[in-house]
Amino acid sequence: MCGIIGYVGKRQAIPVLLQGLYKLEYRGYDSAGIAIIDKNTSEIKAEKQVGKIKDLHEKLWGKKLEGNIGIGHSRWATHGSPSIENAHPHISQSKTFAVVHNGIIENYIELKNELENKGYKFISQTDTEVIAHLFEDLYTGNLLDTAVKVAEKLEGAYAIGVISKFHPDTLIAIRKGSPLVIGVSKDENFIASDIPAVLEYTKDFIILDDNEIAVLNKNKVELFDIGKNKLKKEITKVNWSVSSAQKSGFKHFMQKEIFEQPRAITDTIAGFNSLDKTELFNILENIDRLYIIACGTSLHAGLVGKFWIEKFAKIPVEVDFASEYRYRDKIITDKTAIIGISQSGETADTRFALLDAKNEGAKTIAIVNVVGSSLSRESDFTLYTYSGPEIGVAATKTFISQLVVLFLLALELGLKRRTISKEDYNYLIKALSKIPSKVEKILLLDKSIKDLAYKYMNTQDFLFLGRNINYPIALEGALKLKEISYIHAEGYPAGEMKHGPIALIDENMPVVAVAVKDKFYEKILSNIQEVKARKGKIISIATEEDKQIRQLSDDVIYIPKTLDELYPFLTIVPMQLISYHIATLLGKDVDQPRNLAKTVTVE
Ligand code: F6R
């Protein structure tokens, strides 16, 4: 949820920390802070501000803070409201240690009581402050020894960065349960919650695992396990470009990411094809039931995947909210596999649900965007989406890439299980290869979709309807609109309308209906008629050249023709654009909507 960054090297630390925090802001953005070790005095100097990184940046203007080592934090409140006191870094009582933390310390009340009894004064309501005082309390003269002692005391999930005035050249990081990467370079090294935060300085990363400690100096990075044994870990080379983590002329990351979808599809197809899948098919060989677990947008991708896997591979699939699945009485046999879908690979609900199922004997597969993320390392096999970094909080290009992976997985499984013929497989693959150019065509409608957004932007509620494989797209359309525009929206299977929600329809209710020319076309037309009869406003997403739909709709967005099974790749795009334009016309912060965080690492 929060983002952390740390730097030690030849440059001034503050600009590096601020740049990193801007990149991490999507993870949390109610307050921020930095701490450095002053070059001249070796004292810890910290600055914090409530609000966004730019507010902290403004506060730092004109301040003389010089140092080549420091830590920074962008916060998303879990314990204590957004305030300067609660913002990180937290500083120990005698100002000897400064700490940034992402995660939750579950036993912090107990630790706080112990420390208070020893005379430590707490100035924040956070769980993190205990870590700073613990470092001071347990300090042995050796930073690594102290870090181990602190880690032994902490229960919960954390990624921690620490600097100390006693060791003005050393930055220390500990990871257990929250993401943390080490960026490695010449004469400088970094810690960060994710790769894009330091991508402009290095493409070489070490992915820290749970219960590992990194000790960083300007010229070296040493890694240890919690027993202080030295570790050797491989460097992961990242091929993301710096511009892929910048706005490249677009107004918002979300807009850029919507427009990157044709590329994301092509790259994900190529990535899937280049992967050695022997192990994957060994895992799936005798499977008789699949569970897909995920949250939010990733869950909606899973719902589409269910249609494909059941249709092409004839394996029954159940899709569940990760937060619900985790606490169910799970029915797992040696023929059960779980697919966890997650853009970040760090979503706590998804990770822990998958780990629990794995412990009960399920085979596990992850569909993940972030290379080296926890979910990918905790699963038996990982299928990556090749979307590149997604910075906008609302998921767009990663959703479409998740669809690509699920579609290809369903087809390959079908082929292996002989539930589809080679001819059908080739036919469907060919149709998929045409999807990027069809998405390009829809993106050309941007201006007219903006006009449509203007017409409906002042509405209080929206309904999104779809049938069959486009029903999850209705759910996703509604989620996109509500999370970035704060307009209430519901997604429904169109046939379910008459069983209750139709009571909501009046002349003020716009209804976005997926009415493409597939085998449900006539049925959705009847559902649209039902809305029309109650004076609802119909915005149809329809197939090009369909004249009939005009008679029934107030507005129509035409998309290119494709196979019935592939429409979700196309129908989602106008929905993303409608939401994006309504939200920006309303003046909302689409990249960082209120109350949301890109990576939700708490349950
Ligand atoms: C919606 C959105 C969230 C995420 C959800 C899961 O636009 O971004 O609903 O989809 O928090 O996140 P991941 O996919 O990282 O597990």
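Reader: Where is Lys535 found?

Author: Lys535 sits in the loop between helix 18 (521–533) and strand 24 (537–543). Helices (H or I, at least four residues) and strands (E, at least two) are DSSP runs, numbered from the N terminus. This is a predicted model: local features need pLDDT of at least 70, side-chain atom pairs count only at pLDDT 80 or more, and totals for chains, interfaces and linings use all residues. Residues are numbered from 1 along each chain as its sequence is written, and side-chain values use heavy atoms, with hydrogens and water left out.

Reader: What is the phi of Lys535?

Author: Positive, about 70°, although Lys535 is not a glycine. Most residues other than glycine have a negative phi.

Reader: Is Lys535 buried or exposed?

Author: Exposed, with a relative accessible area of 57%. Exposed means over 50%, buried under 20%, partly exposed in between (1.4 Å probe, protein chains only).

Reader: Switching topic. Which bond joins His88 and Pro89?

Author: A cis peptide bond, with omega about 0°. Pro89 lies in the loop between strand 4 (69–75) and strand 5 (90–91).

Reader: And helix 15 with helix 20: at what angle do they pack?

Author: About 25°, with the axes 10 Å apart. Axes are lines fitted to C-alpha atoms, for helices over the stretch in contact, and angles run from 0 to 180 degrees between N-to-C directions. Helix 15 and helix 20 are therefore roughly parallel, the word for angles under 35 degrees.

Reader: Which residues of helix 15 meet helix 20?

Author: Ile435, Lys438, Val439, Ile442 and Leu443. They meet Phe569, Leu570, Val573, Pro574 and Leu577 in helix 20. Contact means heavy atoms within 4.5 Å.

How values were computed. Parallel < 35°, antiparallel > 145°, perpendicular 65-115°, else oblique.
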